[in-house]
Amino acid sequence: MGNIYGMILRSEIDASSLAAPAPLVDPFGRAISYIRVSVTDRCDFRCVYCMSEDMHFLPKQDLLSLEELDRLCSAFVAKGTRKIRITGGEPLVRRGIMTLFHSLARHLESGALEEVTVTTNGSQLARHAKELADCGVKRINVSLDTLDPDKFRAITRWGDLAKVMDGLDAAQAAGLSIKINAVALKGFNEVEAPEMIRWAHSRGMDITFIEVMPLGEIDGARVDQYLPLTQLRAQLLDQFTLEDSTYQTGGPARYVTVKETGGRLGFITPLTHNFCEGCNRVRVTCTGTLYMCLGQEDAADLRAPLRASESNELLFKAMEDAIARKPKGHDFVIDRTTRNPAVGRHMSVTGG
Ligand code: SAM
Ligand code: SF4
């Protein structure tokens, strides 16, 4: 893992060589040990619940460079971050992105970081899976809402299911553990859910269903997409025995074991059961904006302090000030009378 890429990207200041600053703890006593970094707002799909068809993307010059992303991640590691998820947009479409994984590998090697993970739509996985594993990535999340190629094309507007399947094969061949993430969508995949669970478990993959969240303007009404997971779970009980599990990944999913398959099934329920009390994470966008909560507008600019000085003092100060404002939680509502999204930005901006 220690290699030329890491040496090219790594910032002058290694997390391990910094005088250990105090870890980040928010006003509610929650230690921030997990960051999700959106490395691009662009994507090769246009999932109907995530984006509108004619999305406007950021000009490339507004993005943090890969070196700056590495420095930002390293500053968080120095402040107690133990887990980094690289996401987007579609992270694997960002040019040169593998150099970031190579450079972050040094924090895995030193033990400063427990885990680097990725959330991907799988379209580019076939060509990157082996290299991700070489960089110390052990687990990845692949988003997949249906196993039907026509429905897949419809929900992603452009996607090719066969490519994602090739990506899954390559990831498993490279030894990566996979969790399938499926957004539960009313009238779209609720009937298919048992088949998806059997399929994922037959391949040794976990699967998690997610409630759709009111993030950003999309074409159509959220209420027509929203399927409460309380309802899906009740439907699944017709076919499966769901046994409570204590399994945890540090994320928001609550898991059960499906007795009939022996596999793990997760539920992420931001609407029906808010999980904010245990929140340990914040999100950074590709322009260096820190969002302390997925469902609130308040944000802090980390790009200016990052660029203002080669030392990390200003950056640390901006991070601390921001975490001191981390809100208690989100206030998502999806119903016929609530027209506006909870926040204006799309999930592809903040990072899933
Ligand atoms: N492109 C990558 C992917 O699809 O996995 C990473 C970014 S994507 C924004 C991360 C996750 O957010 C995906 O699992 C996607 O299904 C989910 N997502 C996007 N918009 C959502 C929404 N409005 N509500 C709930 N989940 C959403
Ligand atoms: Fe792209 Fe992921 Fe959003 Fe789909 S969910 S449009 S794959 S960023």
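At 6% relative accessibility, Arg106 counts as buried, where buried means under 20% relative accessible area, exposed over 50% and partly exposed in between, computed with a 1.4 Å probe on protein chains only. Arg106 is found in helix α3, residues 97-110; helices (H or I, at least four residues) and strands (E, at least two) are DSSP runs numbered from the N terminus. The C-alpha atoms of Arg106 and Phe209 are 103 residues apart along the chain and separated by 33 Å.

This is a predicted model, in which local features need pLDDT of at least 70 and side-chain atom pairs count only at pLDDT 80 or more, while totals for chains, interfaces and linings use all residues. Residues are numbered from 1 along each chain as its sequence is written, chains are lettered from A and ligands numbered from 1 in the order in which they are written, and side-chain values use heavy atoms, with hydrogens and water left out.

The largest nonpolar core has 94 residues, a nonpolar core being a set of buried Ala, Val, Leu, Ile, Met, Phe, Trp, Tyr and Cys residues joined through side-chain atoms within 4.5 Å. Phe76, Phe101, Leu144, Leu265 and Leu290 have the most contacts inside this core. Helix α2, residues 66-78, gives the most to it, with eight residues. Apart from this core lies another, of five residues, among them Ala253, Tyr255, Ile268 and Phe275.

Beyond its neighbours within four places in sequence, Phe76 is in contact with Leu24, Ile35, Thr81, Val282, Val284, Leu290, Leu302 and Met319, contact meaning heavy atoms within 4.5 Å. Ile35, one of these partners, is placed in strand β1, residues 34-38, and is buried with a relative accessible area of 1%. Not counting residues up to four places away in sequence, Ile35 touches Cys73, Phe76, Thr81, Lys83, Ile84, Arg85 and Val282.

With neighbours within four places in sequence left aside, Glu68 is in contact with Leu63, Leu306 and Arg307.

Leu63 also belongs to the lining of the largest pocket, together with Thr40, Arg42, Lys60, Val93, Arg94 and Arg95. On a 1 Å grid over the protein atoms alone, a cavity is a set of points where a 1.4 Å probe fits but cannot get out, and a pocket is an open set with protein on both sides within 12 Å along at least five of seven lines; lining residues have an atom within 4 Å of a point. About 250 Å³ of space lies in this pocket, the volume being the space filled by probe spheres set on grid points that are joined across faces, edges and corners. By class, its lining has two nonpolar, one polar and four charged residues.

Asp145 lies in the loop between β4 (139-143) and α5. Asp145 is buried, with a relative accessible area of 3%, and touches Tyr49, Ile155, Asn181, Ala182, Val183, Phe188, Asn189 and Met196, not counting residues up to four places away in sequence. Asp145 and Leu72 are 73 residues apart in sequence and 32 Å apart in space, C-alpha to C-alpha.

Met196 is one of the buried residues of α7, which also include Ala193, Pro194, Ile197, Trp199, Ala200 and His201. Helix α7 (residues 193-202) is mostly covered, with seven of its 10 residues buried. What covers them includes α6, β5 (177-184), β6 (206-211), α8 (229-236), β8 (254-258) and β9 (264-268). Just after α7, Gly204 takes a positive phi of about 75 degrees.

Arg157 has a positive phi of about 65 degrees although it is not a glycine. Most residues other than glycine have a negative phi. Arg157 lies in the loop between α5 (149-156) and α6 (161-173) and, at 17% relative accessibility, counts as buried.

Another loop, between β6 and α8, contains Glu217. Glu217 touches Ser52, Pro341, Gly344 and His346, not counting residues up to four places away in sequence. The C-alpha atoms of Glu217 and Met51, 166 residues apart along the chain, are separated by 7.6 Å.

Note on methods. Ala, Val, Leu, Ile, Met, Phe, Trp, Tyr, Cys and Pro count as nonpolar, Asp, Glu, Lys and Arg as charged, and the others, Gly among them, as polar.
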